[in-house]
Amino acid sequence: MQRKIAIIGTGYVGLTIGACFASLGHKVICVDKDVEKISKLCKGEIPIHEPGIEEILKKYKENIDYTSDIKKAIKESQILFIAVGTPSTEDGKIDMQYFRNAVQEIAENMDGYRVVVDKSTVPVGTADWVKEEIKKRYKGKFSVVSNPEFLREGSALKDFLEPDRIVIGTEDEKAKKIMLDIYSSIKAPKLITDIKSAELIKYAANAFLATKISFINEISNLCEKVGGDITKVAQGIGMDKRIGSKFLNAGIGYGGSCFPKDVDGLLSISSKYGYNLGLLRVVAEVNKMQQEKFMEKIKSMLLKTKGDTVAVWGLSFKPNTDDVRKSPALFIVTMLCKEGIKTRVYDPIAMENAKKELSFENIHFCESALETTKRADVLVLLTEWPEFAEIDFKEVKKRMRHLYVLDGRNHLKAEEIKKLGFYYEGIGKK
């Protein structure tokens, strides 16, 4: 059955789920207060980088509209997904201002039964607040649902259309049937739970994955001390079916718009309820320490070479995205620049976003990976873009002043590089 769905917020999550619901045959209205963004979307200009989204929006354009008129979107839809940003504040709390504004506008413009869906990642208890806020302004019937998203940048369309699970938090039978209906063509386990459990699931899932990353990074540091190889250790751990191999790649730590925010968010929630999540605090500390430790490696290499120039490959927090939010790469580049080290950087997609964050006199944005290596003393890989593993290091050798390579993601072909006379060092192995 075709349903009428409004998506409030056309950021990464909102636009992705809007495109996917349209592909499932539903009528979708994407609404955003940013008039310029809506104008671009109407012209077919996509404001985010996500493989396949441009094609899917073009293919199902008859099922999707864009507007800056939230009243129109609410009036014409039965299901209202709130997908606005909920960023972290400086003290780790969750900034709910955009979410609150969306709820208030929904309440002021409802004229009949609606299902209001919390798609944004919000603290436990938010749905209760949403219900009370709507009741202040609207006296009719409505339902509130928590439906957390589990989208990974770079594979978001597949994650939505072929998910591991769909979580629906509601105590309302009518809302439950409607939510199951809109997802009926997606063949995946559907977990129906109470709202508070649903609100916790997203935070807990990301916090657990962050824990795996910090754990393997701690083991990688031990490998360096004892002479082990973290890739072999991780392989051995991951073969245990109780553990699994995913998120056991040692490196310079996690970043992006989800893991750091959700770890901080869960810590903030636990603190509010008087519980100390000590393990998670250590996870966050280890992640920060991993980047600082890598920075010390770079400085040590420069000291050995008496050099002053670093070539950097990769700026986004992971490959296949232009997202530099909380990127470990940006953290390290920022430290390099603040230390007065000449830094030459390149990323296949994230250059424009990185330029907005990196305004230092001693940084040079290059046109290619090879260009960064000109007269460089140390080459560091910070994001594991596939193209970096295919670069001819014979050409790199011609350009570099000193042949030192620090691989922050264990991504490069170490043995081939060493045979060419480079000093190579990865994470948790030599």
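Colleague: Quick one on terms: what does "partly exposed" mean here?
Modeller: Buried is under 20% relative accessible area and exposed is over 50%, with partly exposed in between. Keep in mind that this is a predicted model.

Colleague: OK, so where does K40 fall, and why?
Modeller: K40 is partly exposed, because its relative accessible area is 37%.

Colleague: Which side chain does K40 meet in a salt bridge?
Modeller: That would be E36, at 3.7 Å from N to O.

Colleague: How many salt bridges does the count come to?
Modeller: The count is 37. There is a network too, in which salt bridges link E108, E133, K136 and R137.

Colleague: What about E224, which residue does it form a salt bridge with?
Modeller: E224 pairs with K293, and their closest N and O atoms are 2.9 Å apart. That pair links distant parts of the chain, since E224 is in helix α9 and K293 in helix α12, 69 residues apart. As for accessibility, E224 is partly exposed at 23%, and K293 is partly exposed as well, at 29%.

Colleague: Which residue does K413 form a salt bridge with?
Modeller: It's E390, with 3.6 Å between the closest N and O atoms. K413 lies in the loop between β13 (404-407) and α18 (414-419), while E390 is in the loop between α16 (386-389) and α17 (393-399), so the pair ties together parts that are 23 residues apart in sequence. K413 is partly exposed, with a relative accessible area of 36%, whereas E390 counts as exposed at 59%.

Colleague: Which residues line the largest cavity?
Modeller: The lining is D118, K119, S120, T121, V122, S146, P148, E149, A198, E199 and K202. By class, that lining has 5 charged, 3 polar and 3 nonpolar residues.

Colleague: Which helix gives the most to that largest cavity's lining?
Modeller: Helix α9, residues 195-226, with 3 residues.

Colleague: And which residues line the second largest cavity?
Modeller: N221, E224, G251, Q290, K293, F294, K297 and I427. The elements giving two or more residues to this lining are α9 and α12 (278-305). The biggest share comes from α12, which gives 4 residues.

Colleague: So where do E224 and K293 turn up again?
Modeller: In the lining of the second largest cavity, and they're the pair with the 2.9 Å salt bridge.

Colleague: Last topic, K355. Which helix is K355 found in?
Modeller: K355 is in helix α14, residues 351-357. It counts as partly exposed because its relative accessibility is 39%.

Colleague: And how far apart are K355 and G52?
Modeller: In sequence, K355 and G52 are 303 residues apart, and in space they are 25 Å apart, C-alpha to C-alpha.

Notes. Residues are numbered from 1 along each chain as its sequence is written. This is a predicted model: local features need pLDDT of at least 70, side-chain atom pairs count only at pLDDT 80 or more; totals for chains, interfaces and linings use all residues. Side-chain values use heavy atoms; hydrogens and water are left out. Buried means under 20% relative accessible area, exposed over 50%, partly exposed in between (1.4 Å probe, protein chains only). On a 1 Å grid over the protein atoms alone, a cavity is a set of points where a 1.4 Å probe fits but cannot get out, and a pocket is an open set with protein on both sides within 12 Å along at least five of seven lines; lining residues have an atom within 4 Å of a point. Ala, Val, Leu, Ile, Met, Phe, Trp, Tyr, Cys and Pro count as nonpolar, Asp, Glu, Lys and Arg as charged, and the others, Gly among them, as polar. A salt bridge is a side-chain nitrogen of Lys or Arg within 4 Å of a carboxyl oxygen of Asp or Glu.
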